[in-house]
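Colleague: I would like to learn how to read charged pairs and nonpolar cores in a model like this one. Could we go through them one at a time?
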Amino acid sequence: MTLNFRFAVVSDLHLALPHTIWNHPSRFHLVEVSISAFESVLEHLTQLDLDFLLLPGDLTQHGEPENHAWLQQRLAQLPFPVYVVPGNHDVPVVLADQQSIAFADFPYYYTKCGYEDPQQIYYIRQLLPGVKLIGLNSNFFNDQGEQVGCLDSKQLRWLEEVLAASADELILVMVHHNVVEHLPNQSRHPLANRYMLANSAELLQLLKRYGVKLVFTGHLHVQDVAYSDGVYDITTGSLVSYPHPYRVLEFHRDNQGGEWLQILSHRVESVPEFPDLQQSSRQWMGDRSFPFLIKLLTNSPLNLPLSQAKELAPGLRDFWATIADGDAMLDYPHFPLEVRHYIQTYSASQPNSGITTGGTLTLIDNNSTLLLG
């Protein structure tokens, strides 16, 4: 039986009404463009005859009730269904404070976006005949009240039950934290592990057992498609960070059971406040990159002395922007050999970062067709 549908993914909107914007000299997020960039995307998407739109978390700057309320009202005006999950910025506290909503309040803002039962912060919804979406919550608060990326045991039990009951359907999974590593040793890297689901191995085991092939994530603010034992983790960069991307995807199944997913990525090129958004945003990110680069160079595995890190960091000012772009090709031949080799591990030629067929690397982070069966 053939199956064809089109949908879009827009991630990490970090929406901030002007009066809610806070500033910090090292803030990577260009939240000043959040609403105008989102409106630009919606203007495009409403012309495409979409079946649905996925927003995999960090919908708001920092969980402000007025930003959640604005988004709730805007999504209600769209001509296609929208489904959301919470990111760490959407529910930064268990109990409401002067800035942010309470963790338990999130589903009540989005009862039209997956949370038909707002007393549960994860859900399964029928998208189309034979196609279901599972929206997971990866925000867990430990006994000390600290927020970590994790699926609690109750949610995992629920997930196994719904997967077992949906064996004959195509399942899409959406969750904020990454499930497959998108960066070298991401699960163990001191700067990158917080972007991974702490119990990603347990989730991957479940997904593989029930034949789930497609997971849509955010959080990392990069364009990347990673693969592990039959599961693709398609993470989409942030709408308020260079290169301000979003994706339009088409799923196809033919009469012989062949399945593939076509991915096309787009960028917001201009907004009224920043007519040359791509150049301005890359500059913004580079200007704020120094503290991050010092941490990268002085932490494991390089452990460079601070003096050497300070010498090398300016030459890496576009390092993160290049990664965020997707399909990165990184080489710094004038760097010390150990540092040069380490930086190269972030290139798209590394494992999980591309598809190698017959010795030829196919770049898949932005525009590609994934053969699923």
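Colleague: Does Arg-253 count as buried, partly exposed or exposed?

Modeller: This is a predicted model, in which local features need pLDDT of at least 70 and side-chain atom pairs count only at pLDDT 80 or more, while totals for chains, interfaces and linings use all residues. Residues are numbered from 1 along each chain as its sequence is written, and side-chain values use heavy atoms, with hydrogens and water left out. Buried means under 20% relative accessible area, exposed over 50%, and partly exposed in between, with a 1.4 Å probe and protein chains only. Arg-253 has 22% relative accessibility and therefore counts as partly exposed.

Colleague: Which residue forms a salt bridge with Arg-253?

Modeller: Side chains of opposite charge can pair when their charged atoms come close. A salt bridge is a side-chain nitrogen of Lys or Arg within 4 Å of a carboxyl oxygen of Asp or Glu. Here Glu-259 pairs with Arg-253, their closest N and O atoms being 2.7 Å apart, and Glu-259 is buried at a relative accessible area of 12%. By this rule the count comes to 12 salt bridges.

Colleague: Which residues are linked in a network of salt bridges?

Modeller: That network joins Arg-267, Arg-282 and Asp-325.

Colleague: Which residues touch the most other members of the largest nonpolar core?

Modeller: A nonpolar core is a set of buried Ala, Val, Leu, Ile, Met, Phe, Trp, Tyr and Cys residues joined through side-chain atoms within 4.5 Å. The largest has 91 residues, and those touching the most other members are Leu-45, Leu-53, Leu-75, Val-84, Ile-134 and Leu-261. A second, separate core of 31 residues includes Tyr-195 and Leu-302.
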